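Subject: Two-chain model for your review

Dear colleague,

I am passing on the structure that I promised you, and I would be grateful if you could look through it alongside the notes in this email.

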Amino acid sequence: MEVLLSIAIGVLTACGVFLILRARTFPVLLGLTLLSYAVNLFLFASGRLRIDAPPLIRAGARYADPLPQALVLTAIVIGFGMTAYLAILALRGLSESGADHVDARQEP
Amino acid sequence: MNANAPILPILIPLLAALLQMVSGRLAFQRAVGLLATALLLLATGWLTLLADDGVLRVYALGDWPAPFGIVLVVDRLAAGMTLLTAVLGFLVLLYASAGFDEEGLHFHPLFQFQLLGLVGAFLTGDLFNLFVFFEIMLLASYVLLAHGGGLARTRAGITYVVLNLVGSALFLIALGLLYGTLGTLNLADLARVLALPGHDQALARLAFALLIAVFALKAGLLPLSFWLPHTYSAAGAPVAALFAIMTKVGIVAILRVQAIALAPVMPDLLDNWLTTLALATVAFAALGALAAPRLKSLAAWLVLLSAGTLLLTPAQASAGVSAAALYYLVQSTLAGAALFLLTGIIAEQRGKAADQFMAGPPLPSVWLKVAFLVLATTLAALPPFSGFIGKLMLLTSMRDVAAGTAVWVVVLTAGFVVMAALARDGCYLIWKHRAAAQPLVVEPIGWQRVTATLLLVAAGPLLAVLARPLSDYTMRAAEQLHAPGAYVTGVLRPGAANNGREAKP
């Protein structure tokens with residue numbers, strides 16, 4: 001389980017970083033999304049992985065740490081808003097400069 | 001009432017922004033915005049007065065005690081920084097109310113959200129909450145940066161947003177590491193747990209290094225500072241002026257994390273590299289200022305220069321250096337913002353030449369020239385204004401530190417280069433005209449813009465006159481900042497005698 005999750009986080013991060021380094025806005029946007037998935041999984045794992053354990057404390061029952069889940073929710077909401085804004089900004093750059101380069105240079 | 005003082009600077013901009021979104025009428029939004037920032041000024045001024053008694057005010061949101069709930073912590077540093085934010089916010093909003101806010105939609109609510117993020121980032125005592133306030137500040141700043149439109153702003157906006165999103169991802173990774181190793185995200189609790197054995201030292205170190213790297217990105221430390229000059233010079237004048245305090249958020253965050261959590265257990269984390277990179281930033285910014293083609297881009301490089309100078313200080317971990325740094329921070333923020341506002345006015349008076357350093361029509365009014373002279377003197381750190389006093393205090397306090405000689409050489413050389421750049425560029429703007437050129441006939445500058453700019457320019461002479469009380473305050477603030485033991489006890493033991501809630505009348 002831990003191995004699987006860490007491999008998933010690693011692959012997502014690697015793909016994300018690779019895509020962020022591209023010169024066009026759409027791959028960068030996808031890269032940021034992948035990176036934020038990786039980060040969310042990482043945050044989730046910071047409370048340790050427990051199977052079949054709800055984040056509720058009851059007498060004698062196993063429970064998972066609820067705090068990272070709350071943190072992940074916050075991070076997802078913020079990341080979603082940011083990505084949406086970046087998409088709009090990239091579209092505006094596309095319509096203003098006629099190119100989807102990250103530096104939005106006017107194509108000759 | 002006193003007990004609730006810490007939450008007021010966060011509530012005022014929040015409520016103002018919500019109220020402004022009710023109606024799209026500009027006059028209404030302006031009135032609410034100005035009223036709210038004036039109230040914010042009063043609230044933060046009052047908070048600063050309250051905080052000056054040296055008691056650590058801990059405000060537990062929802063009344064959950066510290067390591068479990070989120071707390072706001074008000075000490076002299078936090079209160080003083082919120083006051084600085086409010087002063088800057090009020091003047092910049094006054095300036096923007098004279099027409100800049102008509103250039104796009106939703107300027108006023110976004111401005112209030114930006115103030116909310118800034119103030120919250122200074123007040124919070126919890127690292128995840130710091131992340132949230134950073135994001136509020138950044139989200140507002142993304143949209144404000146694009147305010148007014150144009151390819152230059154979109155272009156700067158894309159790089160700025162992508163960089164900061166990567167920065168946020170790193171911030172979250174650092175927070176995940178900290179929570180995974182130490183089990184808490186409250187700064188005071190982190191400091192307590194760090195001192196205990198039984199956790200993975202290397203991982204905790206890595207987490208703090210990542211955290212400092214994110215703050216360094218916001219502050220503009222050299223390998224992470226290439227975004228700053230072109231972002232700031234692309235933004236509209238009032239927006240850039242407000243951004244002048246955003247690099248300072250990163251610096252204050254580094255100072256606080258260093259003083260509270262790092263100094264007692266891993267004092268070597270910032271050694272060597274931070275001071276070296278800060279010196280490189282100073283040199284880089286001075287060269288950039290020399291090469292700047294426009295007044296606004298010069299102003300952006302000067303913001304970077306002041307950030308680099310301030311980043312010299314956290315690694316020294318001494319109250320004397322931090323006190324000088326805080327004085328320098330206050331004066332350089334106000335002077336940097338003043339230059340952006342003045343640039344906005346000058347650019348309008350010169351028609352096509354705008355703020356580029358080339359011969360253009362002469363400036364019509366004398367006060368603009370005098371204001372530029374006073375401001376340039378302040379920024380070049382020449383006597384008798386506050387820039388000189390700030391730099392003098394900083395250099396004097398750094399005389400005995402390990403890298404003292406290098407700091408003196410680089411900072412003084414950079415100061416000389418900046419002085420030369422300002423003198424040359426001032427000549428272009430004020431004296432060099434095309435033959436027989438007449439002043440352009442342009443719309444009169446609104447009284448709001450004149451007042452806001454002159455007040456910010458006047459901060460240079462004023463802070464020089466008030467240098468004694470201000471530097472005494474920053475000294476007390478720095479001494480409180482560098483007493484991590486008192487901070488940790490104050491936050492984690494709300495029942496102890498020095499809790500703010502005990503101070504009820």
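Below are the conventions, then the two chains, their contact, and some local details.

This is a predicted model, in which local features need pLDDT of at least 70 and side-chain atom pairs count only at pLDDT 80 or more, while totals for chains, interfaces and linings use all residues. Residues are numbered from 1 along each chain as its sequence is written, and chains are lettered from A and ligands numbered from 1 in the order in which they are written.

Chain A

Chain A has three helices and zero strands, where helices are DSSP runs of H or I with at least four residues, strands are runs of E with at least two, and both are numbered from the N terminus. The radius of gyration of chain A, 19 Å, is well over the 13 Å that the globule rule gives for 108 residues, so the chain is more spread out than a compact globule; the radius is taken over C-alpha atoms, and the rule is 2.2 Å times the number of residues to the power 0.38. Along the principal axes, the C-alpha atoms of chain A fill a box of roughly 70 × 25 × 15 Å. Of its 108 residues, 30% count as buried, a class that requires 20 or more other C-beta atoms within 10 Å of a residue's own, with 12 or fewer making it exposed, anything in between partly exposed, and C-beta atoms placed from the backbone. Among the contacts in chain A with a separation of 6 or more, 45% are between residues 24 or more positions apart, a contact being two residues whose C-beta atoms, placed from the backbone, lie within 7 Å.

Helices α1 (residues 2-20) and α2 (residues 25-45) of chain A pack with their axes 7 Å apart and at an angle of about 155 degrees; the axes are lines fitted to C-alpha atoms over the stretch in contact, and angles run from 0 to 180 degrees between N-to-C directions. α1(A) and α2(A) are therefore roughly antiparallel, given that angles over 145 degrees have that name, those under 35 count as roughly parallel, 65 to 115 as roughly perpendicular and the rest as oblique. The contact between α1(A) and α2(A) has 20 nonpolar, three polar and no charged residues, where Ala, Val, Leu, Ile, Met, Phe, Trp, Tyr, Cys and Pro count as nonpolar, Asp, Glu, Lys and Arg as charged, and the others, Gly among them, as polar.

In the loop between α2 and α3 (66-97) of chain A lies A:Arg48, whose phi is near 70 degrees, a positive value in a residue other than glycine. A:Arg48 counts as exposed because it has 12 C-beta neighbours inside 10 Å.

Chain B

The secondary structure of chain B comes to 20 helices and two strands. Its radius of gyration is 22 Å, which agrees with the value near 23 Å that a compact globule of 505 residues would have, and its C-alpha atoms fill a box of roughly 75 × 55 × 40 Å along the principal axes. In chain B, 60% of the 505 residues count as buried, and residues 24 or more positions apart account for 80% of the contacts with a separation of 6 or more.

Helices α16 (residues 386-397) and α18 (residues 447-465) of chain B pack at an angle of about 50 degrees, with their axes 7 Å apart, which makes α16(B) oblique to α18(B). The residues of this contact divide into three nonpolar, three polar and no charged. In the loop between α15 (366-379) and α16 of chain B lies B:Pro384, which is joined to B:Pro383 by a cis peptide bond with omega of about 10 degrees.

B:His106, in the loop between α3 (76-96) and α4 (107-123) of chain B, has a positive phi near 60 degrees, and with 18 C-beta neighbours inside 10 Å it counts as partly exposed. B:Arg256 is in helix α11 (residues 246-265) of chain B and is buried, with 24 other C-beta atoms within 10 Å.

The contact between the chains

In all, 22 residues of chain B are in contact with 28 residues of chain A. On the side of chain B that touches chain A, α5 (127-146) and α6 (151-182) each supply at least two residues, and the largest share, 16 residues, comes from α6(B). By class, that side of chain B divides into 15 nonpolar, five polar and two charged residues.

With best regards
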